[in-house]
Amino acid sequence: MAEWTADEILDARGLSCPMPILKTKKIMKKLSPGQILEIQGTDPGTRNDLPAFTERSGDEFLGEEQKDGYISFYVKKG
């Protein structure tokens, strides 16, 4: 069980890069500072792309959790 509670959930399962990052960027613009987005994905490239994205965007990559058939990534709005 994740140690973070998401304010929004993005279902990016089945999408390949760069789509999960582009959709994450779009939703992060709508969130308030401190809110958490859960990105559900299946593309293994997201493991590298998402932390790199948050470094540039000023948001915080909190971590990931392996679930049944997908990975949940957690990002906190900066």
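Biologist: In which sense do strands S3 and S4 pair, and over how many bridges?
Modeller: This is a predicted model, in which local features need pLDDT of at least 70 and side-chain atom pairs count only at pLDDT 80 or more, while totals for chains, interfaces and linings use all residues. Residues are numbered from 1 along each chain as its sequence is written, and side-chain values use heavy atoms, with hydrogens and water left out. Strands are DSSP runs of E with at least two residues and helices are runs of H or I with at least four, numbered from the N terminus. Two strands pair if DSSP finds at least two bridges between them; S3 (residues 60-67) and S4 do so in the antiparallel sense, over 7 bridges.

Biologist: Which residue in the turn between S3 and S4 has a positive phi?
Modeller: S3 and S4 form a hairpin with 2 residues between them, and within this pairing Glu-60 has Lys-76 of S4 as its bridge partner. Most residues other than glycine have a negative phi. The turn residue with a positive phi, about 90°, is Gly-69.

Biologist: Which residue of S4 stands opposite Glu-38?
Modeller: S2 and S4 pair in the antiparallel sense over 6 bridges. Glu-38 of S2 is also the bridge partner of Ile-9. In S4, the residue opposite Glu-38 is Tyr-74.

Biologist: Is the β-α-β unit of S1, H1 and S2 right-handed or left-handed?
Modeller: S1 and S2 pair in the parallel sense over 5 bridges, with Glu-8 opposite Leu-37. A crossover is right-handed if, with the strands pointing away from the viewer, the path from the first strand over the helix to the second runs clockwise. The unit made by S1, H1 and S2 is right-handed.

Biologist: How many residues of S2 are buried?
Modeller: Buried means under 20% relative accessible area, exposed over 50%, and partly exposed in between (1.4 Å probe, protein chains only). Ile-36, Glu-38 and Gln-40 are buried on one side of S2, and Leu-37, Ile-39 and Gly-41 on the other. The count for S2 is 6 of 6.

Biologist: What arc do the buried residues of H1 cover around the axis?
Modeller: The buried residues of H1 (residues 19-28) are Pro-20, Ile-21, Thr-24, Ile-27 and Met-28. They lie on the same side of H1, because their arc, taken from the directions from the helix axis to the C-beta atoms, is only 130°.

Biologist: Why is the pair of Trp-4 and Tyr-74 called tilted?
Modeller: The structure holds 1 aromatic pair. Rings of Phe, Tyr and Trp (its six-membered ring) pair if their centres lie within 6.5 Å; planes under 30 degrees apart count as stacked, over 60 as edge-to-face and the rest as tilted. The centres of Trp-4 and Tyr-74 are 5.0 Å apart, and the pair is tilted because the planes stand at 40°.

Biologist: How many residues apart are Trp-4 and Tyr-74?
Modeller: Trp-4 is partly exposed at 22% relative accessible area, whereas Tyr-74 is buried at 2%. The pair links distant parts of the chain, with Trp-4 in the segment before S1 (8-12) and Tyr-74 in S4 (residues 70-76). Their separation in the chain is 70 residues.

Biologist: Over the face of which residue does Arg-13 lie?
Modeller: A charge sits over a ring if NZ of Lys or CZ of Arg is within 6 Å of the ring centre and within 35 degrees of the ring normal. Arg-13 is 4.6 Å from the ring centre of Tyr-70.

Biologist: How far apart in space are Gly-41 and Ile-71, C-alpha to C-alpha?
Modeller: Gly-41 is buried, at 5% relative accessibility. Leaving aside neighbours within four places in sequence, Gly-41 is in contact (heavy atoms within 4.5 Å) with Ala-12, Arg-13, Tyr-70 and Ile-71. Gly-41 and Ile-71 are 30 residues apart in sequence, and their C-alpha distance is 5.4 Å.

Biologist: Is the peptide bond from Cys-17 to Pro-18 cis or trans?
Modeller: Pro-18 lies in the loop between S1 and H1. Most peptide bonds are trans. The bond from Cys-17 to Pro-18 has omega near 15° and is cis.
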